[in-house]
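Me: I have a model open and I'd like to learn how to read it. Could you take me through a few features, one at a time?

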Amino acid sequence: MTAHQSAAWPVPVGVAPDVLAQIQADFARDWQRLMDDARQGQLAAPTDRRFAGEAWRGSAQHLLMAHAYLLSAKAMERMVDAADVSDALRARLRFSVMQWVDAIAPSNFLALNPEAQQSIVASAGKALDVGLSNLIADLRKGRISQTDESQFEIGVNVATTPGQVVYENKLFQLIQYAPTTERVHERPLVIIPPNINKFYILDLQPANSLVRHAVDAGLTVFMVSWRNPVAGDKDGTEHASWSDYLDEAVLRALAVASEISGQDQVNALGFCVGGTMLASALALAEARGEQPVAALTLLTALLDFRDTGVLDVFVDETHALLRDRQLGGGGLMSGRELATTFSFLRPNELVWNYVVGNYLKGQTPPAFDLLFWNADGTNLPGPFFAWYFRNTYLENNLKVPGRCTAAGLPLDLTRLSMPVYIYGSREDHIVPWPSAYASTQLLRGPRRFVLGASGHIAGVINPPAKQRRSYWVVGEEAGGDDYLPGDPVAWLGRATEHAGSWWPDWLAWLAPHGGRLVKAPAKQGSKAYPPLEPAPGRYVKVRAM
């Protein structure tokens, strides 16, 4: 074999012999202890909720199987942690092992799950019949049902805040919500949601609607409702680019809201990918010598993509080239593929939990508005997605002044100098909070960083009336908003935790930027932009195919 041929063989992943021997010794010791406890009838119920039910505790054989599975899974995880590989490869190994280990859990198989068997016996076989029906229905839909979708209808019991669509083009509709107060701030708030999902995560039901809460606080709120392109559309949306979305959607929405309200500037909020798009669009406006936004809010948004958390396992040049070839010239990035990817970031919670409940036990998942929204994904124009994947997640170009362009102009986020409220969620697996914090080092205006408890969605959708969770800010005695060190951990070290929702903190910050209080408009739109249809409009009701 030549040296060239030898180099072509893959190098096996190795674990240092002494570390491997220790893992094997620990496994053998724990296995022996497990066998001893089983013989003596002293096996305790596992803390893992998959095996915590009475049926597992009541069957010695199944209880032993659950413990053996958990012990084996722990050994595999230790081997990944000890593997002599780069951190990037270790993350991919950990993700791959997690997928395999979670998939082979005995709870996922009818022959090995005593709870599922018990439900079939107790229902005289009805659970099996219903489970098969659920499986067939989901196969037809092409996805696993995470909630009872029959209990929700867009515009009826989700996305119900009253308003009017006042503008539309092939990329978006713009909703203006009706006021609920006699007086409103003269400067409106324009919300740019992520185009990976529908906007109504911010307007689920009245009790947890950020939109309704903002309207009730005296804000005139405009919302972008993204077009969901589907196969067969004839208007060329499948060829829309990143630049098109900045110019023809984000900046257009800001301009329409400005014209309707009669204000030279508006306030704007971007959530997740919407925040990335909003900041990029404002950089494009800045390159033209325009400042359409007075105050900016970024919620769990990435501008610096140096650390993208668990999503980094999908990011490499090979994947980017594949997307360039598949989608760079046109076509659609499937919403179904995106949804599947995000579900398998937490497979036990968002996949196997429903496999067991829906199919093995024949249960109908409970009605949950957030999971109804989660299942209502959107397709993305191929060129937009290919550009976004390469220039953000792979190459992190947005944070470098002039490296990215739109409409033929260089983008420079460091030239944005308006006041900005930056929010991150402490347990966010989509936008790790230190990455949300990193925006404080790019933007140049007065900045306030707030860290909320919980994850990407639950941390954001936290209405004050629930009196749940908490948030962290640096108090004036510790430096206040001026204390923004490069190290986010140093920031957290000075931050003070406050009980409840961050929403009141945000509204208190935004109010001084809203201008005078004026009489609320009697109707939505204007002579130039008359209402087209009631909110939530047509676009949000189109399902991804």
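Predicted model: local features only at pLDDT ≥ 70, side-chain atom pairs only at ≥ 80, totals over all residues.

Me: Is Asn358 buried or exposed?

Reply: Buried means under 20% relative accessible area, and Asn358 has 4%, so it counts as buried. Asn358 sits in helix H13, which runs over residues 347–360. Leaving out residues up to four places away in sequence, Asn358 touches Gly131, Asn134, Asp138, Ile144, Ser145, Gln363 and Pro365.

Me: How do I read the sides of a helix?

Reply: The general idea is that an α-helix has 3.6 residues a turn, so residues three or four places apart point the same way. Now take H7, residues 126–141: Ala127, Gly131 and Asp138 are buried there. They cover an arc of only 35 degrees around the axis, so they lie on the same side of H7. The face turned away from that buried side carries the exposed residues Lys126, Leu139 and Arg140.

Me: What covers the buried residues of H7?

Reply: The cover includes helix H6 (114–122) and H13. As for length, the 16 residues of H7 should span 22 Å at 1.5 Å a residue, and the end C-alpha atoms are 23 Å apart, which agrees. After H7 comes Gly142, with a positive phi near 80 degrees.

Me: And nonpolar cores?

Reply: In soluble globular proteins, nonpolar side chains tend to be buried together. Here the largest nonpolar core has 128 residues, and Tyr200, Leu202, Trp491, Trp502 and Trp506 have the most contacts inside it. Helix H9 (residues 242–261) gives the largest share of this core, 11 residues. Another core, of 9 residues, lies apart from it, and includes Phe51, Ala73, Val97 and Ala105.

Me: Last one: how should I look at salt bridges?

Reply: Side chains of opposite charge can pair when their charged atoms come close. The count here comes to 33 salt bridges. In one of them, the side chains of Arg143 and Glu149 meet at 2.6 Å, N to O. Arg143 is partly exposed at 24% relative accessibility, while Glu149 is buried at 16%.

Conventions
Residues numbered from 1 in each chain as written. Heavy atoms only, no water. Helix = DSSP H or I, 4+ residues; strand = E, 2+ residues; numbered from the N terminus. Buried < 20%, exposed > 50% of the residue type's maximum accessible area, 1.4 Å probe, protein only. Contact = heavy atoms within 4.5 Å. Expected span 1.5 Å × (residues − 1). Arc of directions from axis to C-beta. Core = buried A, V, L, I, M, F, W, Y, C linked by side-chain atoms within 4.5 Å. Salt bridge = Lys/Arg side-chain N within 4 Å of Asp/Glu carboxyl O.
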